Amino acid sequence: MGPTPGYHLAGKPQYCSLRLVAFLLIILLFVFFGEAAGKPISLHVVTLPRMVYPQPKVLTPSRKDVLVLTPWLAPIVWEGTFNIDILNEQFRVQNVTIGLTVFAIKKYMVFLKLFLETAEEHFMVGHKVNYYVFTDRPADVPRVPLRGGRRLLVLEVPGAARWQDVSMRRMEMIGSFCAQRFLREVDFLVCADVDMRFRDHVGVEILSQLFGTLHPGFYGAAREAFTYERRPQSRAHIPRDQGDFYYMGAFFGGSVAEVHRLTTACHQAMMADWANGIEAVWHDESHLNRYLLDHKPTKVLSPEYMWDEQLLGWPAIMKKLRYVAVPKDHQEIRHR
């Protein structure tokens, strides 16, 4: 009778050596791909200093009036659902740096000063921040006093004839700079629109591997009412019987590696559409929604983080308005 398959005539030694080789290969692959993804950025278990804070109550939900957890167990961030002191300590111990990207192209430069000033007042206070300003007018970038540990970096990029092209090329440029420098310089990346201002605290409670923000106009709507791209010819297409939420293209982010994947995928999808002579109804936002349907975000931000009080008022469920639209004439800004 011949030897049992997988064993040498000598018995166990070769079997053990094969297991050892396989184990070492797995470790090498883990180390390689872990390094390739950039610096470790997920929330690790860390040792916190002694802290005194209210005890969480298992039988007392943090909010009874809104959904606070998605069906895939991602938290939905509302005021009252987190303790910022605990979170600040967790991220402080990890010594994270957050990148904030913003595009000030053509006449949108007029919004940059207020954006930066209010960010210094409310965005990631107490943490290291790199502001990445993409602009075709580097000489016009305003000088804004910055807190310690915060830097403003100007990235010169070409302008575009249409505001839609600026919006769509944003994915390409963010993805490109993720590979070129963001992976080395920051741990998390937040991608924001410039024609907004920070009105209240926006801190580390938003940080996660991948986050999106609920659109203020659709957070209470049925999926059939969402303004997804409905044409099957587009790579952004979402059928009427699919969809979780409608996400706003003006505020999203995550780890640099995940933002790189998102922006690269959206750019590739837009290029495929362009080759087929189609442009998604809401441009990069349509592709963002398709991506976040297929790649569920690990955290969802409530409309507190994206609001327009002029259009929507201030409903009772919004305990705070954190990041809000600046009143403007869209047609005048977009076509000048």
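## Basis and burial

A residue is buried when its relative accessible area is under 20%, exposed when it is over 50%, and partly exposed in between (1.4 Å probe, protein chains only). By this definition C178, at 0% relative accessibility, is buried, and C266, at 2%, is buried too.

This is a predicted model, in which local features need pLDDT of at least 70 and side-chain atom pairs count only at pLDDT 80 or more, while totals for chains, interfaces and linings use all residues. Residues are numbered from 1 along each chain as its sequence is written, and side-chain values use heavy atoms, leaving out hydrogens and water.

## Overall fold

The protein chain has eight helices and 10 strands, taken as DSSP runs (helices H or I, at least four residues; strands E, at least two) numbered from the N terminus. Of its 336 residues, 46% are buried.

## Cysteines

The whole structure has zero disulfides, a disulfide being a pair of cysteine sulfur atoms within 2.5 Å. For C178, the nearest cysteine sulfur belongs to C191 and is 7.0 Å away.

## Salt bridges

There are 15 salt bridges, each a side-chain nitrogen of Lys or Arg within 4 Å of a carboxyl oxygen of Asp or Glu. One of them joins K320 and D200 at 3.8 Å, N to O. These partners are 120 residues apart, K320 lying in the loop between α7 and β10 and D200 in the loop between β6 and β7. K320 is partly exposed at 26%, as is D200 at 23%.

E258 and R261 pair at 2.8 Å, N to O. Because they are three residues apart in helix α5 (residues 256–275), about one helical turn separates them. Shared partners also join E79, E304 and R322 into one salt-bridge network.
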